[in-house]
Amino acid sequence: MKAGLPMGFLRHFRAPRNVGRVEDADWEWERKSPWCQDTVRFSLRLKHGRLEALRFHAYGCGVAIAAASAATEWAKGKRPKAVLEARVAVLERLLGPLPERKRRCVAFVWEALVSGLKEREERA
Ligand code: FES
């Protein structure tokens, strides 16, 4: 493991949370990065209007995996609207400072999460 990487990133990279697929999911979606073609899949289940379960599979770099882990951990239990009102800065803060070239991986995961949630909200 490289030295100097932020603890937030390392915490999620070493032991990603919420990996997998939600059983009896209410909504599932997949997004592909336009830059590198890496892919992230999310699935969720709602209960009383909140994200009772939110899981992911990431086929990408370590930052994408850590970002999806941090994003799902942060978003679980929240109302989709609260997630949609947040900004990628939430995720950047959770992971800690990353090299500039890896920030687009964080942005990709964030955009993947919110675009799927938004699509679901529009169809609900
Ligand atoms: Fe593709 Fe990070 S290099 S998401």
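Across which strands does helix α5 lie, and at about what angle does helix α5 run to β1? Helix α5 (residues 103-123) lies across β1, β2 and β3 and runs at about 140° to β1.

The model is predicted, so local features need pLDDT of at least 70 and side-chain atom pairs count only at pLDDT 80 or more, while totals for chains, interfaces and linings use all residues. Residues are numbered from 1 along each chain as its sequence is written, and side-chain values use heavy atoms, with hydrogens and water left out.

**Figure 1. The open sheet of three strands.** The strands stand in the order β1-β2-β3 with antiparallel pairing. Helices (H or I, at least four residues) and strands (E, at least two) are DSSP runs numbered from the N terminus, and two strands pair if DSSP finds at least two bridges between them. β1 (27-32) and β3 (50-59) are the edge strands, each with a single partner, so one side of each has no neighbour in the sheet. From one strand to the next, the twist averages 15°. Helix α2 (residues 62-75) lies across β2 and β3, and runs at about 175° to β3. Axes are lines fitted to C-alpha atoms, for helices over the stretch in contact, and angles run from 0 to 180 degrees between N-to-C directions.

**Figure 2. The two hairpins of the sheet.** β1 and β2 pair in the antiparallel sense over six bridges. These two strands form a hairpin with six residues between them, and Gln 37 in the turn has a positive phi of about 70°. β2 (residues 39-47) and β3 pair in the antiparallel sense over nine bridges. In their hairpin two residues separate the strands, and His 48 takes a positive phi near 55°. Arg 41 stands opposite His 57 in β3.

**Figure 3. Thr 39 in strand β2.** Thr 39 lies in strand β2. Lys 32 stands opposite Thr 39, and Thr 39 in turn stands opposite Tyr 59 in β3. Thr 39 counts as buried at 10% relative accessibility; buried means under 20% relative accessible area, exposed over 50% and partly exposed in between (1.4 Å probe, protein chains only). Neighbours within four places in sequence left aside, Thr 39 is in contact with residues including Glu 30, Arg 31, His 57, Ala 58 and Phe 108. Contact means heavy atoms within 4.5 Å.

**Figure 4. Leu 54 in strand β3.** Leu 54 has its place in strand β3 and counts as buried at 1% relative accessibility. Apart from neighbours within four places in sequence, the residues in contact with Leu 54 include Asn 18, Val 22, Trp 29, Phe 42, Leu 44, Thr 72, Ala 75 and Leu 113. Leu 54 and Gly 77 are 23 residues apart in sequence, and their C-alpha atoms are 9.0 Å apart in space.

**Figure 5. The packing of helices α1 and α2.** Helix α1 (residues 7-14) packs with α2 at an angle of about 90°, with the axes 8 Å apart. This angle makes α1 roughly perpendicular to α2, a description for angles of 65 to 115 degrees; those under 35 count as roughly parallel, those over 145 as roughly antiparallel and the rest as oblique. Phe 9, Arg 11, His 12 and Phe 13 in α1 meet Gly 62, Val 63, Ala 66, Ser 69, Ala 70 and Glu 73 in α2.

**Figure 6. Salt bridges.** The whole structure contains eleven salt bridges, each a side-chain nitrogen of Lys or Arg within 4 Å of a carboxyl oxygen of Asp or Glu. One of them joins the side chains of Glu 73 and Arg 17 (3.5 Å, N to O). This pair links distant parts of the chain, with Glu 73 in helix α2 and Arg 17 in the loop between α1 and β1, 56 residues apart. Glu 73 is partly exposed at 34% relative accessibility, and Arg 17 is partly exposed at 23%. Arg 11, Arg 17 and Glu 73 are linked in a network of salt bridges. The side chains of Arg 103 and Glu 92 also meet in a salt bridge (3.1 Å, N to O). Arg 103 lies in helix α5 and Glu 92 in helix α4 (residues 88-95), so this pair ties together parts that are eleven residues apart in sequence.
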